[in-house]
Amino acid sequence: MAAVRQFYKGSTILLSGATGFLGQILLEKSLRVLQPRKAYLLIRKKKGLDAQQRLQKMLEGVVFDRVRALPSAPRVEAIEVDMTRPDLGMDAGIRRQLEEEVGIVFQLAASVSFNESLETSLKENVQNNLHLYELVKDMKNLQVAMQVSTMYSNCDQKAISEKVCTDVGFGGYDCIVNLLNGLNEQEKQALTPLILKGLPNTYTFAKKCVELKIQQDFSHLPVGIFRPPGITSTYKEPLVGWINNLYGVGGYVIPMILGLYGAYFIDNATVLMLAPVDYCANALLLSAVDVAKNFDNGETKIPVYNYAANCGPNIGDMYKYLTEGLPLPQRYIYRHFMNTRTTNEFRYRVALQLMRAHASTLDRVRLMMGQRPGIRKAIDRTLQLMDKSRLMTLTTWDIENSNIKRIQMNLDPEEREMFECDLASVNWRQHYADFIPGIKKYVFKMK
């Protein structure tokens, strides 16, 4: 058996964030291909469902059709947790069980909202993560723990290198938390832009902080940081076009799906850092093997894997490909008459008012027809997303990705195909043409 599959075969894996977008694809690939002994999933209560109910509902989804078709699949066990508690709200016996059994950890859990307050984002994306690593450091058979961050954790820099950046400012994460604890809400809001400096939102800043904290406190462990770019729908596996959220590009296409005029403050020449979710899962699995293989407990800097490449289409072509997923004649109407893409602030503001007016008009029509309104509310959320991610639509970065390239080069041909993650191999035109139909089908449940 080739090296990657041999590493995972018979292993015990712990996943935090398995119910999320990337987490589901990572779990599916692991169960279908890697033959682990067991997978433990850390799951919190949500919307009246406990951990076991959420696991059952997830495994009944279309993503796991191929896993359910297997003659036998690895065992999967849900463990209910409260990530806000230092002990994770976990029974002491279960904790000892994990410490004895788990060898591979993937930490994917995060709040990906760009609109959260700095204090909330730091709790969700730093403090809760660190609670998990207090468990990880006591695992007796730990081979690797992978922290999923984001390529945008250092997007205030033109060149993004494969290292943890230390320029957090204000004395670092601990000092910032103590400072925020002593302020009222108005003072926190006033101080937030100064703390973020050149970063566009609290999410990217929190990811920068957690990277540094993990390096400072846990570099004696076999830990690696995986930085994906913006994540799009599945390209090939386990099915084409699957997506379950409206973050990132998903939010940008809402106007097209709802039949609205679209206003976008973007540079058509910019190449966005994006990758299909199944490619991201493959790259993450490969990176984990690399961390375990090359771990040196005397090293104080942990390895970083930048998974991105400027090989996709520019935004202008990307928009054209996205509209190919619309039915005729809607695609031509949107491509030529129903959108404004500009970097001129005045022109954008005028188009913005047209977009909002169109949304409000459609809401009034829905009310007259006895239907629930909500289009204007959805568009306002989309506009907040666009505002908080404006830097991403105007900038092309120089990205160091030598670690991912090295891993790909060292794979044997069979595993290179099995764990495909070369972004240059993606047919971007077809991928984006599948994107809107995927959102309609899997997010909006439209037939």
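How many bridges join strand 1 to strand 2? There are 5, and the two strands run parallel. This is a predicted model, where local features need pLDDT of at least 70, side-chain atom pairs count only at pLDDT 80 or more, and totals for chains, interfaces and linings use all residues. Residues are numbered from 1 along each chain as its sequence is written, and side-chain values use heavy atoms, with hydrogens and water left out.

**Strand 1**
- Helices (H or I, at least four residues) and strands (E, at least two) are DSSP runs, numbered from the N terminus.
- T12, L14 and S16 point one way. I13 and L15 point the other way.

**Pairing**
- Two strands pair if DSSP finds at least two bridges between them.
- Strand 2 covers residues 38–43. Its residue A39 is the bridge partner of I13.
- From strand 1 the chain passes through helix 2 (residues 21–34) to strand 2, a right-handed β-α-β crossover (clockwise from the first strand over the helix to the second, with the strands pointing away from the viewer).
- Strand 4 (residues 104–107) also pairs with strand 1, in the parallel sense, over 4 bridges. Here I13 stands opposite I104.

**UniProt annotations**
- Positions follow the numbering used here, feature names are shortened, and annotations may be inferred rather than shown by experiment.
- An unreviewed UniProt entry assigns "domain: Thioester reductase (TE)" to residues 15–283. That span is 41% helix and 15% strand, with its end C-alpha atoms 16 Å apart.
- UniProt (unreviewed entry) lists residues 246–266 as "transmembrane region". In the model, this span is 43% helix and 19% strand, and its end C-alpha atoms lie 18 Å apart.

Methods. Buried means under 20% relative accessible area, exposed over 50%, partly exposed in between (1.4 Å probe, protein chains only).
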